[in-house]
Amino acid sequence: MSEETGRRNLRMPNGSELFAVVTEHNGGNHVRVRCEDGENRMGRIPGRMKYRTWINEGDVVLVEPWDWQDSKANIEWRYTDDDADQLRREGHIQ
């Protein structure tokens with residue numbers, strides 16, 4: 001974190017990853033997300049995140065759509081509220 005500006009270096013999308021917002025929690029390890037490309041997808045929370053990172057409605061996440069089924073995606077990262085505010089200030093997300 002930069003002392004003067006309060007800016008943190010955040011994980012940004014690589015390759016086919018997209019920013020998304022969680023719109024609905026469907027139970028288990030599935031959530032409905034609205035991606036920055038305008039698509040609504042079913043997101044799958046992988047086992048490495050399932051019990052360590054709680055994902056709630058309204059959270060900003062990073063998803064990677066499946067190559068073989070575009071209506072589904074894997075959740076790769078969850079941003080904290082402060083990180084999401086920084087992304088909005090810098091113009092990466094609305």
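## Burial and overall form

A residue is called buried when its relative accessible area is under 20%, and in this predicted model such buried residues make up 36% of the 94 residues in the protein. The accessible surface of the protein comes to about 6100 Å², and 43% of that surface belongs to carbon and sulfur atoms.

The C-alpha atoms fill a box of roughly 45 × 25 × 20 Å along the principal axes. For 94 residues, a compact globule would have a radius of gyration near 12 Å, and the 13 Å of the protein agrees with this.

## Order of the elements

The protein has two helices and five strands, which follow one another from the N terminus in the order β-β-β-α-β-β-α. Among contacts between residues at least 6 apart in sequence, 50% join residues at least 24 apart.

## Confidence in the model

The average pLDDT of the protein is 84, and 94% of the residues score at least 70. Among the elements, strand S2 (residues 30-35) has the highest mean pLDDT, at 93, whereas H1 has the lowest, at 78. Where pLDDT is low, the predicted coordinates should not be read in detail.

## A closer look at Asp 59

Asp 59 is found in the loop that lies between helix H1 (47-50) and strand S4 (60-65). Because its relative accessible area is 9%, Asp 59 counts as buried.

A polar atom of the side chain of Asp 59 lies 2.8 Å from the backbone nitrogen of Asn 56. Leaving aside residues up to four places away in sequence, Asp 59 touches Ala 20, Val 21, Val 22, Trp 54 and Arg 78.

Notes:
Residues are numbered from 1 along each chain as its sequence is written. This is a predicted model: local features need pLDDT of at least 70, side-chain atom pairs count only at pLDDT 80 or more; totals for chains, interfaces and linings use all residues. Side-chain values use heavy atoms; hydrogens and water are left out. Helices (H or I, at least four residues) and strands (E, at least two) are DSSP runs, numbered from the N terminus. Buried means under 20% relative accessible area, exposed over 50%, partly exposed in between (1.4 Å probe, protein chains only). A polar contact is a pair of N or O atoms within 3.5 Å; within protein, one must be able to donate a hydrogen and the other to accept it, and residues adjacent in sequence count only if both atoms are side-chain atoms. Contact means heavy atoms within 4.5 Å. pLDDT is the predictor's confidence in each residue, from 0 to 100. The radius of gyration is taken over C-alpha atoms; the globule rule is 2.2 Å times the number of residues to the power 0.38. Accessible areas come from the Shrake-Rupley method with a 1.4 Å probe; for residues, only the protein chains shown count as cover.
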